[in-house]
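Me: I am new to this structure and want to know what its labels rest on. Can we go through them one at a time?

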Amino acid sequence: MRPRNVFDVAIVGAGMVGSAAALALARRGLRVALVEERAPSGWNAADDVDLRVVALARSSVDLLEQLDIWTNVRSARASAYRHMYVWDSQNGAHIEFDAADTGAAELGWIVENRLIQHTLWTALQAQDSVSLRCPARVVATEDEGETRSLRLDDDSRVVARLVVAADGPASPLRHLLGIGASGHVYDQHALVAHVRTERAHEQTAWQRFLPGGTLALLPLADGRCSIVWSLPPQECRRLREIDEAAFLQELGCASDFRLGPILATSARAEFPLRLLLADRYVAPRFALLGDAAHQVHPLAGQGVNLGLRDVAALVDAIAGDADRDPGAATALRRYERRRRSDNTISAWSMDGINRIFRSEFEPLVFARGIGLRAVNALGPLKQLLARHAAGR
């Protein structure tokens, strides 16, 4: 029988991935401490749509359904996309995906980050087996054999059989453990905004490859589109700062006016992009989760989905039965084997696609056009790609 002051798992970071992990483990009967520097922002239906949105794959929706929060998220404000249309600006080739081809009702859902975080946080507050330590910051950690301790900035301690870092790509806890990371900063930033277009978005995720990066128009529940436009930093800053009329015209041209003229835009924001892969995912009584372990280019919208797949794999590895030690080295190695290879392949695949489709080298432009047309014509291959993107 473990002492009451020792938790099964302590999770540092209450973003979507960390909060989902805390709730999933608590629902499996484990006692969980969740440490977070600041509570997530609230969500209200009367507020405008959050600029940060995610494209949830089927595997992520499955997890949120298991946590009994998906119905609340879906009914609040979520937009299904049933089609995807991707085309190359330099050779006209395209590829289309349709949910009907995969036997599903939709390919995925566009949901605000803040809505998911708010719904998870609300569920956690009602969970008796979760102890929320907020606001709190970890300043030190120590392996104590059968447990690992965390010292917080108020000089209190949290002791658990397993500590999980879900504290983002900069991950102070990863640095405290001395775990290195490789990767690079992209010469691109992501410009995000919500725009109103002349034509309806048709429940379609539109994506156009451009020489400077990729432009995605993602369908929102209110009929607008969320744009995620990867651009060289100086160009991104210029487009963020120009007046609205000029921006609408340039965005319309970049989208090939696929949905007609762009009629209005919300505020615009930009975020730097990078590729990051932790050298290892585990240490004694310790595991990395989500962006603390990996960060990928957003062109396929896989970042949060990979993190939520980490959650599912970690829960399966450490919470199989009530008597299992969640910090056992064998369980952590099983989690690392399962997720590190998938995340690494995904990260470098997105990196390669980004490089290939940014190139203006004519033979490569010609070759990728042949490739897109070939894949679009091969139904079984398209289904395989769609199932992989859905986490199947």
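Predicted model: local features only at pLDDT ≥ 70, side-chain atom pairs only at ≥ 80, totals over all residues.

Me: How do you know that the span of helix α1 agrees with its number of residues?

Reply: Helix α1 covers residues 16–27, which is 12 residues. At 1.5 Å a residue, α1 should span 16 Å. Its end C-alpha atoms are 16 Å apart, so the two values agree.

Me: What about the span of α5?

Reply: α5 has 13 residues. From its first C-alpha to its last it reaches 18 Å, close to the 18 Å expected.

Me: Why is α1 called largely enclosed?

Reply: Buried means under 20% relative accessible area. In α1, 11 of the 12 residues are buried, so the rest of the structure largely encloses this helix. Among them are Met16, Val17, Gly18, Ser19 and Leu25.

Me: What covers the buried residues of α1?

Reply: The cover includes the strands β1 (6–12), β2 (32–35), β3 (53–56) and β8 (130–133). It also includes the helices α5 (113–125) and α9 (303–318).

Me: Which residues of α5 are buried, and what do they pack against?

Reply: The buried residues of α5 are Asn113, Leu115, Ile116, Thr119, Leu120, Trp121, Ala123 and Leu124. They pack against α1, β2, β3, α3, β7 (108–112) and β8.

Me: Why are α1 and α5 called roughly parallel?

Reply: Their axes are 9 Å apart and the angle is about 30 degrees. Angles under 35 degrees count as roughly parallel. α1 and α5 therefore get that label. The crossing is left-handed.

Me: Which residues meet where α1 packs on α5?

Reply: From α1 come Met16, Ser19, Ala20, Ala22, Leu23 and Arg27. From α5 come Asn113, Ile116, Gln117, Leu120, Ala123 and Leu124. By class, this contact has 8 nonpolar, 3 polar and 1 charged residues.

Me: Which residues meet between α2 and α9?

Reply: Ser59, Ser60 and Leu63 in α2 meet Asn305, Leu308, Arg309 and Val311 in α9. Here the classes are 3 nonpolar, 3 polar and 1 charged.

Me: How do you know whether Asp68 is buried or exposed?

Reply: Exposed means over 50%. Asp68 has 59% relative accessibility, so it counts as exposed.

Me: And Ser171, buried or exposed?

Reply: Ser171 has 0% relative accessibility. The cut-off for buried is under 20%, so Ser171 counts as buried. Its phi is positive too, about 25 degrees. Ser171 sits in the loop between β11 (157–165) and α6 (172–176).

Me: Where is there a cis peptide bond?

Reply: The bond from Cys134 to Pro135 is cis, with omega near 0 degrees. Most peptide bonds are trans. Pro135 is in the loop between β8 and β9 (138–143).

Note on methods:
Residues numbered from 1 in each chain as written. Heavy atoms only, no water. Helix = DSSP H or I, 4+ residues; strand = E, 2+ residues; numbered from the N terminus. Expected span 1.5 Å × (residues − 1). Buried < 20%, exposed > 50% of the residue type's maximum accessible area, 1.4 Å probe, protein only. Contact = heavy atoms within 4.5 Å. Nonpolar A, V, L, I, M, F, W, Y, C, P; charged D, E, K, R; others polar. Axes fitted to C-alpha atoms, helices over the stretch in contact; angles between N-to-C directions. Parallel < 35°, antiparallel > 145°, perpendicular 65-115°, else oblique. Left-handed = near helix turned anticlockwise from the far one by under 90°.
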